[in-house]
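Colleague: I have not seen this model before. Could you take me through it?

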Amino acid sequence: GGHLKLFSDDGAAMAAGHRLGVIEFAGAEDTSSTITVGAKIESLAESTFTASENGSNLLFYTTDGDASTTEKMRITSDGKVGIGLDNPAYKLEVGSAVTGDWISRINNTASSGNPNGLLVKVNQTDSTGTILGVLANSSYRMVVKGDGSVGIGTTTPESQVEIQGSSNAAYAEGTAGLTNGATLFIQNTD
């Protein structure tokens with residue numbers, strides 16, 4: 001079938017950062033037919049092209065009301081996706097300077113049928129790695145390990161739930177009806 005190809009050939013090999021092609025989405029901004037780009041998709045060479053190296057990145061740009069397109073998302077040659085980042089370190093990485101609000105939200109808007117939220121999955125059944133981590137100021141605040149144990153204030157929980165902290169590490173309030181064998185163990189290590 002047919003295809004559309006955008007290419008660049010100035011007689012020299014593509015160098016890192018050179019544009020392979022771009023698709024721009026534009027429209028008139030006034031009655032004088034002044035055409036302004038509102039969004040674009042661009043491909044840039046990741047490194048100098050050779051017979052064995054032709055990695056390229058795909059960049060997505062949008063305009064936020066000022067007629068100047070800025071990069072919003074990038075797919076790197078090794079398949080990593082960065083939203084708000086131009087050099088993602090993970091398969092999906094979202095980054096932005098946000099103050100006073102959340103950077104991301106997963107919102108299942110279903111109102112019936114037992115809707116679910118977020119699934120974090122590791123296929124190795126005997127994984128001892130960290131399945132989910134909450135990191136703040138370069139320190140893990142909470143982890144969920146492959147065996148289902150949860151550590152709060154520790155990355156190496158030794159029981160199903162382990163809470164560590166310097167003061168008021170845990171607070172528990174019980175009500176009538178606790179079954180025999182229900183145990184809450186709190187140890188102050190000060």
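Predicted model: local features only at pLDDT ≥ 70, side-chain atom pairs only at ≥ 80, totals over all residues.

Colleague: Understood. How many helices and strands does the protein chain have?

Modeller: The protein chain has zero helices and 10 strands. Along the sequence, its pattern reads β-β-β-β-β-β-β-β-β-β.

Colleague: And what share of the residues counts as buried?

Modeller: Of the 190 residues in the protein chain, 14% are counted as buried. The chain exposes about 14,700 Å², and 50% of that area is supplied by carbon and sulfur atoms.

Colleague: What part of the contacts comes from residues 24 or more positions apart?

Modeller: Such residues account for 15% of the contacts in the protein chain with a separation of 6 or more.

Colleague: Let us turn to pockets. How much space lies in the largest pocket?

Modeller: The largest pocket holds about 620 Å³ of space. Its lining consists of L92, E93, V94, S104, I106, L118, V120, L132 and G133. Two elements, β6 (92–94) and β7 (130–136), each give two or more residues to that lining.

Colleague: Which element gives the most?

Modeller: That is β6, with three residues.

Colleague: How do the lining residues divide into nonpolar, polar and charged?

Modeller: Six are nonpolar, two are polar and one is charged.

Colleague: Now to I83. Where does it lie?

Modeller: I83 lies in strand β5. Apart from neighbours within four places in sequence, I83 is in contact with K72, M73, L92, E93, V94 and G95. Of these contacts, L92, E93 and V94 also belong to the lining of the largest pocket.

Colleague: What separates the C-alpha atoms of I83 and S96?

Modeller: The distance is 8.4 Å, and the two residues are 13 residues apart along the chain.

Colleague: One more residue, T76. Is it buried or exposed?

Modeller: T76 counts as buried because its relative accessibility is 10%, and the cut-off for buried is under 20%. T76 is found in the loop between β4 (69–75) and β5 (81–83).

Colleague: Which side chain does the side chain of T76 make a polar contact with?

Modeller: The partner is the side chain of D78, at 2.4 Å. Leaving out neighbours within four places in sequence, T76 is also in contact with S56, N57 and P88.

Key: Residues numbered from 1 in each chain as written. Heavy atoms only, no water. Helix = DSSP H or I, 4+ residues; strand = E, 2+ residues; numbered from the N terminus. Buried < 20%, exposed > 50% of the residue type's maximum accessible area, 1.4 Å probe, protein only. Contact = heavy atoms within 4.5 Å. Areas by Shrake-Rupley, 256 points an atom, 1.4 Å probe, with all protein chains shown as cover. 1 Å grid on protein atoms, 1.4 Å probe; cavity = no way out; pocket = protein on both sides within 12 Å on 5 of 7 lines; lining within 4 Å. Points joined across faces, edges and corners; volume = space filled by probe spheres on them. Nonpolar A, V, L, I, M, F, W, Y, C, P; charged D, E, K, R; others polar. Polar contact = N/O pair within 3.5 Å; in protein donor to acceptor, adjacent residues only side chain to side chain.
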